[in-house]
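Please look over the sequence and the structure shown below before reading on. The report that follows takes up one chain and then its contact with another.

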Amino acid sequence: MTVYAGPVQDLIDELGRLPGVGPKSAQRIAFHLLKLPKDDALRLANAIAVVKDRVTFCHTCFNISEGERCGICGDPRRDTHVVCVVEEPRDIVAVEKTGEFKGRYHVLQGAISPIEGIGPDQLRVKELLARLEPEGIDEVILCTNPNIEGEATAMYLGRLLKPLGLKVTRIASGLPVGGDLEYADELTLGRALEGRRELD
Amino acid sequence: MQLQRLWLRDFRSYASAELTFAPGLTALLGANGEGKTNVMEAIGYLATLSSFRGVPNEALVRRGCATAVVRAEGERDGRQLLIEAEITTSGRGRVQVNKQRLARARDLLGALRVSVFSPDDLELVKGGPAERRRYLDDTLVSRQPKLDAVRSDLDRVLRQRNALLRQAGGRVTAEIDATLAVWDAKLVEAGEALGDARAALVDDLAPVLSAAYDQVAGRAAHVRLGYLAPWREAGLARALEDVRADELRRGISLVGPHRDELVVTLDDMPARTHASQGEQRSVALALRLAAHRVVTEATGSPPILLLDDVFSELDPDRSAALLAHLPPSQTVLSSAAGLPQGAEPELVLRVAGGTVAAADPGLS
Ligand SMILES: [Zn+2]
């Protein structure tokens with residue numbers, strides 16, 4: 001729906017592309033920004049510019065990072081033999097909070113979801129495969145979300161990785177089904193990690 | 001749960017309303033279009049987190065408002081329960097029980113159960129197979145709330161799998177093949193679970209159904225149920241292999257619980273095509289009554305009976321028969337034409353112009 005003059009409509013269109021923002025919300029946010037003092041609005045614009053400038057994705061694990069290598073990949077105390085596969089960088093935060101995991105991560109940047117046009121090729125799957133040998137990885141923990149897409153992704157990866165002779169485990173059920181990792185409390189997620197089971 | 005009080009805010013036609021319910025029969029009286037069904041729908045929402053009229057939740061929010069609230073107070077197993085459900089036009093609704101927010105709204109299922117009878121029930125018999133699948137699945141979830149997860153998993157898997165089949169456009173690359181295998185496995189998992197549960201439910205409904213029909217129609221007849229799920233013989237995995245080529249060509253999932261049929265026969269003839277309208281009404285009532293009894297039996301306590309304007313469509317004999325054979329439990333009935341013969345409510349509520357007022361039960 002194009003109703004407003006050029007720049008305003010551009011802003012509404014851009015906001016509408018953000019996840020979870022529908023056309024109505026986009027319009028509301030746009031008008032909020034229009035009413036804002038210029039300094040406040042520019043602070044937001046600047047924060048976006050700085051983050052895009054300085055923060056990128058780790059070239060190894062695709063966690064957010066200020067350099068080519070994120071803090072976790074660069075930490076010599078982390079166990080290089082175990083990698084925990086998650087959907088998004090925010091899931092790393094959730095797992096780190098449990099204090100149960102000392103290995104490294106791999107961020108898929110999503111989950112298999114044909115509805116959204118996401119298949120294995122749109123995820124960082126090839127990059128995961130490329131890490132296995134050079135890093136001497138012998139266990140992969142599949143820590144995707146306990147919902148349909150996360151389970152499907154775990155199953156896909158399990159079928160791909162098992163034949164390579166690795167230990168492939170899935171975090172235990174007991175997490176709230178249908179939810180996201182980030183909503184699970186530390187204790188529950190910690191227990192799910194500890195109780196992970198080898199895929200058959 | 002025994003419902004004692006209900007508050008509505010910006011729900012459908014109600015800006016705000018407060019209602020009290022009797023432990024036995026409460027009658028909601030008022031002209032059509034005054035909001036009787038909305039009250040029923042609000043109670044039903046707390047049971048299923050959806051509308052029994054089959055509309056999306058946004059439709060429950062009063063026009064021009066962003067949020068509706070349904071609040072109910074009642075007693076369950078000797079404990080007072082306060083349920084508060086927020087319905088929003090955008091995003092997920094929130095649910096609180098005794099002021100504690102539930103992690104997932106779905107955890108509410110089972111706290112309050114309802115059995116809804118409405119004039120649309122005729123579609124159970126006359127309508128397409130989707131109506132009867134919904135009847136089975138609603139009954140399953142009412143009996144065993146856990147199954148709601150299986151049901152919604154299956155919906156989600158089918159949407160994903162159909163999207164993938166469409167994208168494949170008949171061409172199977174290695175990637176499509178590997179991904180489809182995963183969705184097949186997920187479909188088998190959820191599909192077998194739902195198929196088994198439905199078949200078990202049909203077995204439980206069957207013996208109750210004929211008796212319920214006899215009571216409603218006032219004559220003995222054989223009402224039989226058959227759950228048609230041809231894939232259950234060899235298993236869903238095998239059935240999927242058999243239709244693989246067809247599915248890829250048509251870009252849609254062709255086998256599983258979403259294509260099954262519940263066949264209802266009256267004296268060995270399909271009720272959908274061979275019964276009179278009157279008989280079909282009796283069969284529909286019997287289906288609802290049987291479900292109510294099966295759920296009561298399994299859970300140990302009867303769901304709240306919501307009789308939404310059912311008597312307007314029934315002849316006096318069927319009305320009287322239904323009232324006589326309803327199990328004694330909390331019941332809310334609505335009527336635009338006064339009280340049906342034989343109904344003796346403990347409480348009468350008059351509904352008009354978006355407000356509800358208690359009336360003397362002696363006057364109707
Ligand atoms: Zn990294």
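## Burial and basis of the model

Of the 200 residues of chain A, 31% count as buried, a residue being buried if 20 or more other C-beta atoms, placed from the backbone, lie within 10 Å of its own. The model is a predicted one, in which local features need pLDDT of at least 70 and side-chain atom pairs count only at pLDDT 80 or more, while totals for chains, interfaces and linings use all residues. Residues are numbered from 1 along each chain as its sequence is written, and chains are lettered from A and ligands numbered from 1 in the order in which they are written.

## Fold of chain A

Chain A holds seven helices and seven strands, where helices (H or I, at least four residues) and strands (E, at least two) are DSSP runs numbered from the N terminus. Along the sequence their order is α-α-α-β-β-β-α-β-α-β-α-β-α-β, and the C-alpha trace spans about 60 × 35 × 35 Å along its principal axes.

Domain 1 (6-54) and domain 2 (77-198) are given for chain A by the domain assignment, and the C-alpha centres of these two domains lie 33 Å apart.

## Contact between the chains

The contact takes 17 residues from chain A and 19 residues from chain B, two residues being in contact if their C-beta atoms, placed from the backbone, lie within 7 Å. On the side of chain B that touches chain A, helix H4 (147-168) and helix H5 (174-217) of chain B each supply at least two residues, and the largest share, nine residues, comes from H4(B).

Note on methods
Domain bounds come from an automatic or database domain assignment. A residue is buried if 20 or more other C-beta atoms lie within 10 Å of its own, exposed if 12 or fewer, and partly exposed in between; C-beta atoms are placed from the backbone.
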